[in-house]
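Please look over the sequence and the 3D structure shown here. A short report follows.

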Amino acid sequence: MFDVIIIGAGICGASVARFLSQYKLKIAVLEKGSDVCVGTSRSNSATVHSGHDALPGTQKARFNVLGNAMYDQLCQELSVPFKRNGTVIFATNEKDMHSVCDLKKQADINGVPGAEVLSREQLLHLEPGFGARVLGGLFAPTGGIVCPYTLVIHSCYSAVQNGVEFHRNTAVAAVKKDGGAWSVLTDKGRFRCNYIFNCAGVNADIFNNMVSEQHFHITPRKGEHLVLDKSLAPFAKATICQTPTDLPGGGHTKGMGLMPSMDGTLILGCPAYDSIYPEDTATMRGGVDEILNYFRTFWDCFPISSKIPVFPEPKIISSFCGVRAHPDTDDFIVGEAEDAPGFFNAAGIESPGLTAGPAIGKHLAELASDKYGFIRRTDYNPFFYKTKPFREMTEAERQEAFIKDPDYGRLVCRCEQVTLAEIKAAIHAPIGAEDINAVKMRTRAGMGRCQGGFCSPEILRILSKELQRDPLSITQCGGCSKVLLGKVGIC
Amino acid sequence: MRNSSVENLQNVDLVIIGGGCAGMSAAISAHKNGIRDILILERSSYLGGVLKQCIHNGFGIHRFGQDLTGSEYAKRYTDEIDRLGISFLTDTFVLSLTQDHDITAISPAGGILRIRAKAVILAMGCRERPRGALTIPGTRPAGIFSAGTAQRYLNLEGYIVGKKIVILGSGDIGLIMAREFAIEGSEVLAVAEIMPYSSGLIRNIVQCLEDFHIPLYYNTTVTRIEGTERVTGVWLSQVDASRKPVPGTERFVACDTLVLSVGLIPENELCSEAGIELSSDTGGAVVDDSFQTSVPGVFACGNALHVHDLVDFVSMESEVAGERAAQFIRGKSDTASVVRAEPGFGVMALVPQRVRLTGAEDRIKFQFRPRQRFENAEIRITSDGCRISSVKKRVLTPGEMCELSLERSSIHSDLKVEVIGL
């Protein structure tokens, strides 16, 4: 019997788990994926939005601004790469300049600190190199970038440190009231608990609609992105987008833009499309072409063009697609279901969900505690400490790390400079990596320009050795995603 | 004994980064040219690079007049390295290289190593173009391999990567792998090539595909990948002259594996810190006819310089680079004036890009790839609009590197190399 079951280990589930772990509660997180952070929270533009584009008065606006303000402390506590690089929304015509001014008004109402409308000259002062077509734009200094999967994974690690259980590969089939308690039926058996936190992303509507008459519907909305090699990182500073007006993407997007990532790569995106399948993260030719066509046309607007004059298509190393949970209410659904006491929703958390997630987690934990009188623990530890990655160490730090552990001297992933020591640490972490993608998400091994061409056989071998499993059983991303299909000579 | 500090700076005459075919050939050649203080730094656990996983034959015909497997070819060089007593460090990853030839490396045996070299040879080889670079739409399941990765699993580790395989790209590694998959009992359903011709050697198309009844579809590409956990199939579409998929030509091929053989990219990430000029045309360093880069005393050869068709040519080129590096170390390098060689119409990946007007050898060898297939064409070198050399060819294809040489004495100003269809 648990006090709390959390469904889903994305940014919301992880944040709820971590904030609830401050109380004396027996908590389990159920995640149907083979790892934590395998859905929406992994595949997005990694942007910490300032909050200028959410409609005033909405939950989106509220939690966006609250969440944004939490990021400095949160990322410090959890050893997560985060930077306030600032966001610029530029305009290329008078009509778009009006939208920029409207965004500024909206930013003020939402309580976004420091947002201002800049003239072309002011923009150039901020970042030289904006193209001749750019008339001006909105500058939001609180806009930032974060490594989203590191944030979620470390939030989960922090929760584990404070006593939370994580059950991966555990899919919830049904939720129902069973006597005074909740019964959560899964493919791994039944869990009973007093409180449920529904953080199931694109599937959150299913669970809500099982227990509450206040139905809502979630539409999976796909967002496509391209990734450019990190050799371009020195040429991009702020997150820069064009005003969404008159752009393709059906108005579902915050606009097309170029977003530096904490890993040094540049993310381009993103057009958005509704989908019918919640797990459909397949990229589409149309979406990819839309990004390519946009940047072929508008590259000269971006400051990077002063150093790299032509859109460098050969520098594309990857493309990916994320699915966001778009609710028919068009706003985040955060709180206890009115007709199902003890059932809390963090549902419809589409963009800016990554930014808002920590604030939603904190709010729900406080809401439940206030109502149900949870007791605080005295030994809660908010810190998760992670050694600096090898690639960021100085020469002296590298030597010091090597003396403590010679596995720091063995480079496994050459593109991202990931050592054997770091891969072993990822495998033996509190929620250890059990497949190739899980190693990648924890270390960046395989995420660089060769995309695992050189290191994936080695990572497979390390996983097999450390987990004491047959290499044939090692998967790319859990389930039936086996990498190898047989031994030579034994088909 | 592990170093407790990284203060000790080791001085070495010649450091070679990469212990594959290029690095070993350069080392042996430098040794023959009188250099004894040589150190090869190799990031994997053995010398020989990718040759070790090439168990097929066809190596050594030009270099040794013998038909060897890749591993046999490598052994000739590793034996010679041993015989000459040339030093090498394996499991040693070079972290940085500076303009002053200072190298920082790390290994599990020694931690951080700092080396100052009189001369450096860049022989890091190349990597395969990954799926991401192609932005093929669809899912991202297990079962997508670059050809070299599949080759490593099969030949070095002894594992089958797939039972029903589609290969995208008809580069040499893809063709070789098609045959190996077939021999190991996997079914190769199709090789799709987006171009109207293969970038692989003709002999490989015959020996690896035709002999095994594996279909090769030109003007065809993969337009979507299906499968959530493991690949369940791919969509093949025909493409038009501008290489855009033709609507209505899509067909689904059920398979469990997609192997990509879609190009090789020279590995030159070390060059930026040292300020070595790179060519966007070859992906390698810009070099002169002695294979010296824009940084004096730093030389480049093999697939790190430009992607070769045959390892024999890598060896032969690297031997020259090793000899020139030896001359540099002995202080015999000349400060000749230099002119540029530019690729003109129909020419890509031209090497060298600079030519010294004076030098020990009388003839300068140029290598390049034609941008497209040409029949009855003329390769022409012009200077100031005047033709100074030309040669007629019946067939030129991007899959086979072209070579032509020129008297150094005939060069006085910048050159242009072009292909003219006749």
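In strand 11 of chain B, B:Y159 is the bridge partner of A:K487. This is a predicted model. The pairing joins strand 22 (residues 486-487) of chain A to strand 11 of chain B, in the antiparallel sense and over 2 bridges.

**Where the chains touch**

The contact takes 43 residues from chain A and 44 residues from chain B. Several elements of chain B each supply at least two residues to the side that touches chain A, among them strand 7 (102-107), strand 8 (111-122), helix 5 (147-157) and strand 11 (159-160). Helix 5 of chain B gives the most to that side, with 6 residues. The side of chain B that touches chain A divides into 15 nonpolar, 16 polar and 13 charged residues.

**Domains**

Chain A is divided into domain 1 (2-41 + 149-218 + 328-372), domain 2 (83-144 + 221-326) and domain 3 (390-473). In chain A, the contact between domain 1 and domain 2 takes 10 residues from domain 1 and 8 residues from domain 2. On the side of domain 1 of chain A that touches domain 2 of chain A, the residues divide into 4 nonpolar, 5 polar and 1 charged.

Chain B is divided into domain 1 (1-128 + 263-333), domain 2 (130-262) and domain 3 (337-422). In chain B, the contact between domain 1 and domain 2 takes 8 residues from domain 1 and 12 residues from domain 2. The side of domain 1 of chain B that touches domain 2 of chain B has 2 nonpolar, 3 polar and 3 charged residues.

| Domain pair | Distance between C-alpha centres |
|---|---|
| Domain 1 of chain A and domain 2 of chain A | 31 Å |
| Domain 1 of chain B and domain 2 of chain B | 32 Å |

**A sheet in chain B**

In chain B, 5 strands form an open sheet with parallel pairing, in the order 10-18-12-13-14. Which strands are the edge strands? They are strand 10 (144-146) and strand 14 (216-217) of chain B, and each pairs on one side only. Strand 12 (residues 164-168) and strand 18 (residues 257-260) of chain B run parallel, joined by 4 bridges. Here B:V166 stands opposite B:L258 in strand 18 of chain B. Helix 6 (residues 172-183) of chain B packs on the sheet. Helix 6 of chain B touches strand 12, strand 13 (187-192) and strand 18 of chain B. The direction of helix 6 makes about 165 degrees with that of strand 13 of chain B.

**The nonpolar core**

The largest nonpolar core has 275 residues. Those with the most contacts inside this core include A:V16, B:I121, B:L122 and B:L258. Strand 8 of chain B brings the largest share of this core, 8 residues. What is A:V16 in contact with, leaving aside its neighbours within four places in sequence? Its contacts include A:I6, A:F197, A:A346 and A:L364.

**One residue up close**

B:L415 lies in strand 28 (residues 415-421) of chain B. Why does B:L415 count as buried? The reason is that B:L415 has 25 C-beta neighbours inside 10 Å, and the cut-off for buried is 20 or more. Not counting residues up to four places away in sequence, B:L415 touches B:V339, B:A341, B:V355, B:I381 and B:S383. B:L415 and B:G48 are 367 residues apart in sequence. In space they are 36 Å apart, C-alpha to C-alpha.

Note on methods
Residues numbered from 1 in each chain as written. Chains lettered and ligands numbered in written order. Predicted model: local features only at pLDDT ≥ 70, side-chain atom pairs only at ≥ 80, totals over all residues. Contact = placed C-beta atoms within 7 Å. Nonpolar A, V, L, I, M, F, W, Y, C, P; charged D, E, K, R; others polar. Pairing = 2+ DSSP bridges. Domains from an automatic or database assignment. Axes fitted to C-alpha atoms, helices over the stretch in contact; angles between N-to-C directions. Core = buried A, V, L, I, M, F, W, Y, C linked by C-beta atoms within 7 Å. Buried ≥ 20, exposed ≤ 12 C-beta atoms within 10 Å, placed from the backbone.
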